[in-house]
Amino acid sequence: MISFSSPTNSENLTPPQLVIINKSPISQTTTTTMIQPTLLQPADRRLAAAAIASILLLGSARLLFDTFKTIHIHTKYPSPPPPPPIFLSPADRRSFSPAKCNPFQGQWLWNDDTNVTSPSPLYTEDSCPYLVKQTTCRRNGRPDGAYQKWRWKPAGCELPPFEAAKMLDVVRGKRVMFVGDSVMRSQFESMVCMVQAAVPRGAKSFDRVPPRKIFRAGVEWNVTLEYYWAPFIVESISDHATNHTVHKRLVSLDAIDKHGATWKEADVLVFESYVWWMHKPFINATYGSPENIREYDVATAYKVAMETWANWLEANINPRRQSVFFMSMSPTHLWSWEWRPGSDGNCFNETYPVEPAGRPYWGTGSNLQIMNIIGDVIGRLRQVKVTFLNITQLSEYRKDGHTMVYGERKGKLLTGEQRSDPKNFADCIHWCLPGVPDTWNHILYAYLLHNYRS
């Protein structure tokens with residue numbers, strides 16, 4: 001059950017109904033909520049495919065644009081002495097435990113400026129030089145900033161206050177790698193912004209080495225945060241970070257070793273893969289011979305790909321040294337009729353989260369069959385423990401958090417003419433930063449802190 005707390009009353013809503021099975025590989029418990037599904041009509045499915053393909057072009061253009069600029073902030077001054085270890089306080093030890101608290105059920109609370117223990121946002125567009133134009137919505141002209149002021153409050157517990165220096169200390173001497181598509185790239189950039197202020201001037205660097213982006217936090221921590229472009233996790237013709245097509249896709253369902261050669265040296269791996277699979281109901285793929293190309297329905301192809309990934313984990317990950325997380329799907333908000341029946345818009349001009357009206361809210365932008373597949377694949381792992389971070393439903397409420405018309409298309413900010421046509425140009429897939437991905441990282445931090453003290 002997720003409730004909602006707002007400074008003002010929003011509209012009363014009747015959300016579309018679906019079926020969700022939440023399976024936690026951590027607690028080994030399964031909770032099932034039976035709801036009747038709302039199905040898209042064929043015309044709506046075509047519109048969804050077109051909308052997703054159009055917005056994915058933004059991510060591709062962003063990567064292309066990124067290759068022409070590199071930020072280097074290398075040591076210019078003598079390195080300061082290593083800071084003392086950050087010891088866990090009694091509050092840390094009493095706080096979040098996934099065995100006692102489900103961090104994915106709760107409510108969004110308005111977080112005013114008087115909350116000094118858990119401020120929102122944790123950084124600003126001006127304080128973090130590593131944000132790309134695609135996500136800096138306020139700088140790009142978005143008139144409201146309320147989307148930055150919501151704090152996620154799990155039911156029955158509190159997330160530990162995020163402390164950048166403590167996060168760096170928890171992963172001291174380690175490589176933390178985020179693997180996935182442009183949504184995962186935003187989560188990586190969010191984490192970089194959340195910690196970079198704690199790193200002394202001149203002791204940090206940020207480099208783009210496609211398909212990776214790498215943030216290094218000086219010798220005193222010897223931490224690297226990395227992003228690796230792999231939209232399908234397994235290999236595909238879309239794996240070139242800057243030279244790929246959104247509309248033509250071919251996935252190698254049983255090929256992963258080229259990616260894995262980079263992944264296997266990481267100490268913490270955070271995976272995500274969803275929206276690139278959802279372009280159409282079917283996808284071209286190979287299995288076995290690269291010449292054996294056939295059309296698969298997406299659910300079948302996704303299952304085979306995730307099994308390939310799981311087999312790679314079992315063969316290459318040392319569970320005593322390495323930690324693995326999988327982020328559930330990031331929801332889209334392409335149709336306003338889902339939360340405001342009778343309307344015909346999208347996420348454009350939304351300024352408050354969805355109010356659930358007493359029951360869980362699920363939009364049609366989240367494919368629960370896909371969610372069940374990854375839960376099943378993770379649940380059958382034997383040697384490696386993968387922590388499934390189920391951020392989908394808590395993010396479902398955040399129709400207000402997307403970049404809308406305040407992002408980029410083909411490496412350029414939208415023109416005035418394009419902004420005046422949100423029905424065709426609003427991006428309801430990617431998120432503004434600061435914003436919702438900060439909460440995903442706060443939850444990831446809570447798990448890392450819990451594992452550290454355990």
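This is a predicted model: local features need pLDDT of at least 70, side-chain atom pairs count only at pLDDT 80 or more; totals for chains, interfaces and linings use all residues.

Colleague: How are two packed helices described, and at what angle do the axes of α7 and α8 cross?

Modeller: In general, two packed helices are described by the angle between their axes and the distance between the axes. Here the axes of helix α7, residues 298–316, and helix α8, residues 368–379, cross at roughly 25° and come within 10 Å. Angles under 35 degrees count as roughly parallel, and α7 and α8 are therefore roughly parallel to each other; their crossing is right-handed.

Colleague: Which residues of α7 and α8 make the contact?

Modeller: On the α7 side the contact is made by V298, A299, Y302, K303, M306, E307, W309 and A310, and on the α8 side by Q369, I370, I373, I374, V377 and I378. Sorted by class, this contact has 11 nonpolar residues, two charged and one polar.

Colleague: Turning to the cavities, how many are there of 30 Å³ or more, and how much space lies in the largest?

Modeller: The count comes to six cavities of 30 Å³ or more, and the largest cavity holds about 270 Å³ of space. It is lined by 22 residues, of which S120, W150, R151, T439 and H442 are the closest to its centre.

Colleague: Which element supplies the largest share of the lining of the largest cavity?

Modeller: That share, four residues, comes from α12; β5 (150–154) and α12 (436–453) each supply at least two residues of this lining. By class, the lining of the largest cavity divides into 11 nonpolar, seven polar and four charged residues.

Conventions:
Residues are numbered from 1 along each chain as its sequence is written. Side-chain values use heavy atoms; hydrogens and water are left out. Axes are lines fitted to C-alpha atoms, for helices over the stretch in contact, and angles run from 0 to 180 degrees between N-to-C directions. Angles under 35 degrees count as roughly parallel, over 145 as roughly antiparallel, 65 to 115 as roughly perpendicular and the rest as oblique. A crossing is left-handed if the near helix is turned anticlockwise from the far one by less than a right angle, and right-handed if clockwise. Contact means heavy atoms within 4.5 Å. Ala, Val, Leu, Ile, Met, Phe, Trp, Tyr, Cys and Pro count as nonpolar, Asp, Glu, Lys and Arg as charged, and the others, Gly among them, as polar. On a 1 Å grid over the protein atoms alone, a cavity is a set of points where a 1.4 Å probe fits but cannot get out, and a pocket is an open set with protein on both sides within 12 Å along at least five of seven lines; lining residues have an atom within 4 Å of a point. Grid points are joined across faces, edges and corners, and a volume is the space filled by probe spheres set on the points.
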